Structures are given as structure tokens and as C-alpha cells.
Amino acid sequence: MSIPFLKGHGTENDFVILPDPDNALGLTPTAVALLCDRRAGLGADGVLHVVRSAAHPEAKGMAADAEWFMDYRNGDGSIAEMCGNGVRVFARYLQHAGHVTEGDLAVATRGGVKTVHIAKDGDITVGMGSARLPEGEVTVSVGDHTWPARNVNMGNPHAVAFVADLAHAGDLYSPPPFSPPSAYPEGVNVEFVVDRGPRHVAMRVHERGSGETRSCGTGACAVAVATARRDGADPAVTGTPATYTVDVPGGRLVITERPDGEIEMTGPAVIVAEGEIDAEWLENATR
């Protein structure tokens, strides 16, 4: 027996895509971690498990609004609420498979139903919802350096630190320590940010459960919001949208925060390969 898969990326945040409309795969954390292993498996930052909402217990309540559920898993096998780059790649897969065409669609995630627009020029825009800005001071550290960070929640938690040089973030193999521990009881995605120009920044990120990745969509949104507030821009107050260009190691994303609080992320998504996984290998390797 074999299991079909595809490989895709959004600004080089890469994913193994597992089409499973009826939710028939027994997808364990060990299996996910093996598939994402860059030496022993297929290699990826995470897994996009493609399931019809009506077939998944966590998504049945969203089935009336979104036919498809993005059951996203981090590279270490843990479950995540959302993945912004993943939603774009998920939508590109649905288009590739003939389930949707150019235009608008809805995707169910653990962070709620996300609106998606597939443009004729190839870019995909995702409505990422609104940001929450929890109160309280937070710091993050790398080696002897400690910086204040902005706590931003995009359906998953982020700590955004502005630094003088992205090299100060270190290798980002291990989660940067943060304080106080109570700010992020389940861990956090940490973004390090430098200015590149007016409404233009660059970032590096340690993604919770994956290590440093080439891009993070929810992280780019958190960075845009944190930068806007640092710059004194709040669309809810001014009535004017705030748009920031966010460079990531794998490319470029454009983030717009609207006066109603909705955040839109625009960027590319690419399917690069498809094939079959030996089911017996996967079963034996994860026993």
C-alpha cells in the first residue's frame, strides 16, 4: 500500500501535503515528525493534512462555512492552531487538485475559518483575522542579549523583538528563552525584526515546534502589527489601512491591517512535487 503526498512551499516555508478527504489516516505525532525529518523522511517544516471539515471532529462545526479543514501539524509532530504560509499552500493544493478555481474560498483551521483569494497573477491572499495584543511586559533572550518584546496573538502566540542586527538572533535552533513564563504557557513563536525602510522590515523567526524556518505567515502578520503600533499607526483609530512589506529569509510577504481589524497577508505558494509514501515503511519506522 502507498500514501499519496505532495510537497509545497510558501516563501520557502515548506510542507508535506497529505490529501485525506475522509480523515482515514492514523496520523500520529511520531509519523508526522518522521515525514518532516530532512534526512530520514521527506523533509518539511510541517504537515498539511487535507480533510473535509465534515469528516474531522475538530472541524465539523465549521463545515457549513468551509468544505475543507487544514489539520496542521508542526515538524515535531505537535498540533498547531494556524499556519499562515500553510493556508496559502493548502489553497494552492486545492486548486492543483481541481477542488477550487481562481477566486474566493474558505478554509477551516483550528484558528477559525480563514478567507482566501487566489489571484490570476498567482499570489494568494489570506484573511488572517485580527490580532490580539495581550497586556504585560515580555522579554526574549539570546545569549547575553535581552530585548523587550511585543506580545501579539494571531490565533497562535508571538513575541516580536526589534533588534539592531538579525545576526543577534543567533542560530535559533533552540527556543529563545522568554520571561515571564506565564506569558506563554504553551511556548511561543519568536520574531526578531530590523527596519529596511518606510513600512518595510525584515525578520527571522523561531517557530514553536519547528525551529528556525525560512518564513512564518502568522509571524509576519504579528511583526506588521507590532511595527505599526511602534510607529504609532493603529488603523482602528486612524481609519486608514496600514500596509507593511515583510522580508523573510525565503522571500517577501505583504501584510495589510484594515480599520476593522482584519489582517490580510499576500504572497506566493508553490507545489513542487508529488509522489507516494511506502505505507509499510512508515508503519515500521514509527512503531
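**View 1. The lining of the largest pocket, by residue class.** In this predicted model, the residues that line the largest pocket divide into 5 nonpolar, 3 polar and 5 charged, where Ala, Val, Leu, Ile, Met, Phe, Trp, Tyr, Cys and Pro count as nonpolar, Asp, Glu, Lys and Arg as charged, and the others, Gly among them, as polar. The pocket has a volume of about 290 Å³. Among its 13 lining residues, Cys36, Arg38, Ala44, Asp45 and Ser210 are the closest to its centre. Helix 1 (29-36) and strand 14 (211-213) are the elements that give two or more residues to this lining. On a 1 Å grid over the protein atoms alone, a pocket is an open set of points with protein on both sides within 12 Å along at least five of seven lines, a cavity is a set of points where a 1.4 Å probe fits but cannot get out, and lining residues have an atom within 4 Å of a point. Grid points are joined across faces, edges and corners, and a volume is the space filled by probe spheres set on the points. Helices (H or I, at least four residues) and strands (E, at least two) are DSSP runs, numbered from the N terminus.

Residues are numbered from 1 along each chain as its sequence is written, and side-chain values use heavy atoms, with hydrogens and water left out. As the model is predicted, local features need pLDDT of at least 70 and side-chain atom pairs count only at pLDDT 80 or more, whereas totals for chains, interfaces and linings use all residues.

**View 2. The second largest pocket.** This pocket has a volume of about 190 Å³, and its lining includes Ile3, Leu18, Leu25, Ala31, Leu35, Ala279, Leu282 and Glu283. Helix 1 and helix 5 (279-285) are the elements that give two or more residues to the lining, and helix 5 gives the most, with 3 residues. By class, the lining has 8 nonpolar, 3 polar and 1 charged residues.

**View 3. Helix 1 and what covers it.** Ala31, Val32, Leu34, Leu35 and Cys36 are the buried residues of helix 1, buried being under 20% relative accessible area, exposed over 50%, and partly exposed in between (1.4 Å probe, protein chains only). Their cover includes strand 2 (13-19), strand 3 (46-52), strand 4 (68-74), strand 18 (270-278) and helix 5.

**View 4. The cavity.** The structure holds 1 cavity of 30 Å³ or more, and about 80 Å³ of space lies in the largest cavity. Of the 13 residues that line the largest cavity, Asn74, Met82, Asn156, Asn189 and Glu207 lie nearest its centre. The lining of this cavity divides into 5 nonpolar, 5 polar and 3 charged residues.

**View 5. Helix 2 (residues 84-96), a mostly covered helix.** Helix 2 has 13 residues and reaches 19 Å from its first C-alpha to its last, close to the 18 Å expected at 1.5 Å a residue; the expected span is 1.5 Å times one less than the number of residues. Glycine 98, which follows helix 2, has a positive phi, near 85°.

**View 6. The nonpolar cores.** A nonpolar core is a set of buried Ala, Val, Leu, Ile, Met, Phe, Trp, Tyr and Cys residues joined through side-chain atoms within 4.5 Å. In the largest one, which has 51 residues, Met70, Met203 and Ile255 touch the most other members. Helix 3 (residues 217-230) gives the most to this core, with 8 residues. A second, separate core has 17 residues, including Ala149, Val163, Leu166 and Ala202.

View 7. Most residues other than glycine have a negative phi, and most peptide bonds are trans. Leucine 172 has a positive phi of about 60° although it is not a glycine; this leucine is found in the loop between strand 10 (157-162) and strand 11, and at 2% relative accessibility leucine 172 counts as buried. Arginine 199, in the loop between strand 12 and strand 13 (200-207), has a positive phi near 50°, and at 40% relative accessibility arginine 199 counts as partly exposed. A cis peptide bond, with omega about 0°, joins serine 179 and proline 180, and proline 180 is found in the loop between strand 11 (178-179) and strand 12 (189-197).

Terms used:
Contact = heavy atoms within 4.5 Å.
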